[in-house]
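Open the model in your viewer and keep the sequence panel beside it. The stops below say what to select next and what is there.

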Amino acid sequence: MQPIVQPGMQPVATTFFFYFLSGLTLLSGVLVITRKSPVHSALALIFGLLTQAGLYLMLYAPFVAGVQIILYAGGIMVLFLFVIMLVNLERSQKEEQFNKQWLIGLLAAIALGALFIIVYVKGKSFFPVGIPQPIESNNTQQIGVMLYGQYMFAFEIASLLLLVAIIGAVVMAKKRI
Amino acid sequence: MLDYITSYLGSNTTPGQAGNVFWALVYIMVVFGGISVAVMAMNWLERKALAHFQIRLGPMRVGPHGLLQPIADAIKLMTKEDIIPSEADKFVFWIAPLIILCASFAVYIVVPFGPTHAITDLNIGILFMLGVSSLSVLGVVMAGWASNSHYPLIGALRSSAQMVSYEVAMGMAVVSAILMTSLHGLGAYGVGTGTSGTGTLSMIGIVQAQYEQQVWFLFKFFPLGFIAFGIFAIAMVAETNRAPFDLPEAESELTAGFHTEYSGLRWSLFMLGEYAAMIAVSSIAVTLWLGGWYRPFANALTGDTWDLVFSLFPGFTFLALAVIAFVGVVRMPKHPYFRVQTIGLAGFGIVLGLIGLILFAPPVRDRIQDIFWFVAKVAGFMYLYIWYRATFPRYRFDQLMKVGWKVLLPIGIGVLILTAILGVVL
Amino acid sequence: MTEHTITDPKTPDAKTSKATKYVSHLELGEPDKTFLDSNELIINMGPQHPATHGVLRVILKLDGEQVLGTECVIGYLHRGVEKIAENRTYTMFNPYVDRMDYVAAVSNGLGYCEAVEKLLNIEAPPRAKYIRVILTELNRLASHQLWLGTHALDIGAMTPLFYTFRDREEILKIFEKYCGARLTTHAFRIGGCQYETYEGFERDVIKFLDFVPPKIDEYEELLTTNRIWLERTKNVGVISKADAIALGVTGPVLRASGVKWDLRKAQPYAAYSDFDFEIPIGQNGDTYDRYSVRMEEMRQSLRIIRQAVEKIPEGPIMAKVPKVMKPPVGEIYHSIEAPKGELGYFIVSDGSTQPYRVRVRPPSFVNLQALDIMVRGALVADVIAVIGTLDIVLGEVDR
């Protein structure tokens, strides 16, 4: 699967960056679950999201990368941090990271991982091959066209859902300033 | 290797687009150095301008007219004791100013100082700038939390709530400017055709769209562009926690702000990040509404003579600054204690004059045009920031949020809808 | 030989040590509440704080950001002035009164001297009265200028402070030329004034009268119609007419609530009945009205000074006062309209050279009691604005 290279844009050191970014994402994932303090876990998650945005960039989807940074890392994670910090003022909340059933958990994770690998190896023919990559500079345009054309109904439903959520939050918190 | 370096010199794209790592690094160094110098100059200018607004003089002793004051401040802050609260979370305490600093400085890779004078031109340029500058909210929240006391935490939460609210209003204003890039017509009301009419998010593309449509977006669909610019101008002041929206960091309020527990170099990193963020959002405003790097009347007054006239501006600006410096030299007190300062100021004036003379030379003159006009417009915004701080009282926090959500946001949405309607109709 | 017991400060003896932690009445009901248990929070503002004008400690009970109750803890500047008065002769006590309201020291002296003159049943000659009026009105201007600068600074506009201090500087220059001191002037004596006006006094005052009105217009232009100023001051710290009268609040605070009561018109003293001026009053009793009332008072003071300087009579400046002052047995209460409100002196004389009791009724002390009512239900940022608008000076509150 060769990515289409556009005139004027030269990919630089693709392989290195792929392994680098994927490694950082995996590292941050591990850090999320192994840190004692919830704030450190949230920070590691933010880092993972940023590296993931880098991976999106490598897939020639800059709009998705930008939106990932704005919404996920800059919005949702800020909310997570607010909640963690407001609820968690006593420092004694550092928890034990690994519980007593870690052996069974490890076995279950290995089983699931083996299942994934078998499905991928045996079922390669089911995965679509060679999706033509959209032109990078049109990523925003393509998403816009699809969102407001083909998937207009889903878009409106989603925005209604968000509106209901906002109103609900405001109504619930309204009795104080 | 040498081929690699010289192969870029003839191209007409930014180093990032050309994929030339060497020149990209050179540009990054230049921009980083430039912004650092700009931040120090801004520090000096703020103290002097604020003082002159308040009928006093400001720093006068450290260097002639206080010109070396920022250096003295930097040395003082670096040599201060680094106090970390004992119960503070050390990692988060350490990383919070770094996040703000990196977020504020990372946006400069897309800031266009000229058609090829940018580090790179991402085709999601404006989205990138808004997104990365919203990461500084994380730094603020973490700084408040890591200080392990109520008041910085409350101040940090208030500050971040303010920043997030005004990002929404900023976004509305930015979207209406982006809408204008996709219009076909020329001039303020889009008569005739002449432009490609492709909308774009890239910073260089937005400025090019203003050139093709032969109007600054400030005047497009007047007064809609103007109102959108006004919304952005107010929101950007609130975004950077500056007066009149600086309640979270005001001294006379109860919660002394998220950077209370920081001392010395760490605190200076916050200030550095704040000034860099100010310059960054001003760059966004200049790019989106004020025509970026184009000189005034780029389409109305064309021709070689007008080009020549406008290209003399940088040189004359520096010569005017040199003249002001020499006037200062003449007015220095004639006392042996002031001899060093007088000589220093005279030297500074000579340097400014030489720079002005160099800027008159034709090869330099043509290349420096774009950068000069861009920087001049951003400098105007910086002065406005200082002017606001000197003049306005402070908004109370609930009034601040009310302005952000109930005034700016509805007006922003209204402007957006009207721009879209006019764009389709006209 | 008396026995000294030295108490180790680390382990004070339970019987002899009387020091206990100050517990505010706001938290007496619920001593175990912590930050997270409810939304209510008791926090402490001061006594060292960049906003409070002096060493005032305010304990606030907050619900989130709203104020549920306040308690002012004062006494950090108590110097025992009234007790000192019992051990000084009447003339010796005169310099002490300046130190109470140190921002506007001349009025304190005026009140005291007039009170003692009433006790002694003497009257200052007309020229002395006119000089007193001029200096007192200049002093009112100086006090209001300082109030304006610090009030604007509390609300966030940092520039007017420097401008008002520049104007105040001009007034202090006149004071210095007249009596040698800028702040604690000791300008008047019992029976009149000691110093004749210096050569060029009228010229200086008239130059000042021409210099100041454009400046006051400048401050009004900066603040009065400013949207942010209006939002911070309108309907903030409202006190109704009935509450103001019930609490005994006086001065611009009372007049802003709509009560037309000014001692210069109601009980004229020291030649005020010769002058033509108006008393500005407000309607709502909010911070904006107090601001408008004080700005207008500044203009009316300029009017009074102009009339006084034009009509100043010639004559002696000191009445016939006995060398050793032994007022007859009796008591007197005399009050004047100081810039901050009604400043009263209650002097009890037992026939000797030293007063038996001097009780000062400071306007700031009584006005400060209105803080609680004004601030109920407002936000924390308003507390500071309201303290500024009450115009208190801790030297006067604590004495």
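Predicted model: local features only at pLDDT ≥ 70, side-chain atom pairs only at ≥ 80, totals over all residues.

Residues are numbered from 1 along each chain as its sequence is written, chains are lettered from A and ligands numbered from 1 in the order in which they are written, and side-chain values use heavy atoms, with hydrogens and water left out.

**Stop 1: the interface of chains B and C**

Select the contact (heavy atoms within 4.5 Å): 23 residues come from chain B and 31 residues from chain C. About 2500 Å² is buried between the two chains, 61% of it on carbon and sulfur atoms. Buried area is the accessible area (1.4 Å probe) that two parts lose on being put together, summed over both.

Now pick Arg396(B) and Asp382(C), whose side chains meet in a salt bridge at 2.7 Å, N to O.

**Stop 2: loops of chain B**

Go to Pro85(B), in the loop between helix H4 (69-78) and helix H5 (90-106) of chain B. Helices (H or I, at least four residues) and strands (E, at least two) are DSSP runs, numbered from the N terminus. Is Pro85(B) buried or exposed? Pro85(B) is buried, with a relative accessible area of 14%; buried means under 20%, exposed over 50%, and partly exposed in between (1.4 Å probe, protein chains only). Not counting residues up to four places away in sequence, Pro85(B) touches Phe93(B), Ser147(B) and Glu261(B).

Next, select the loop between helix H9 (203-212) and helix H10 (224-239) of chain B, where Pro223(B) lies. A cis peptide bond joins Phe222(B) and Pro223(B), with omega about 5°. Gln214(B) also lies in the loop between H9 and H10, and has a positive phi of about 55° although it is not a glycine. Most residues other than glycine have a negative phi, and most peptide bonds are trans.

**Stop 3: chain C**

Select strand S1 (residues 40-45) of chain C. Its covered face holds Leu41(C), Ile43(C) and Met45(C), and its uncovered face Glu40(C), Ile42(C) and Asn44(C). S1(C) pairs with strand S2 (residues 57-63) of chain C in the antiparallel sense over 6 bridges; pairing needs at least two DSSP bridges.

Finally, find Asp101(C) and Lys340(C), which form a salt bridge with the closest N and O atoms 3.7 Å apart. Asp101(C) lies in the loop between helix H2 (90-98) and helix H3 (105-120) and Lys340(C) in the loop between strand S6 (330-338) and strand S7 (341-349) of chain C, so the pair ties together parts 239 residues apart in sequence. Both Asp101(C) and Lys340(C) are buried.

Conventions. Salt bridge = Lys/Arg side-chain N within 4 Å of Asp/Glu carboxyl O.
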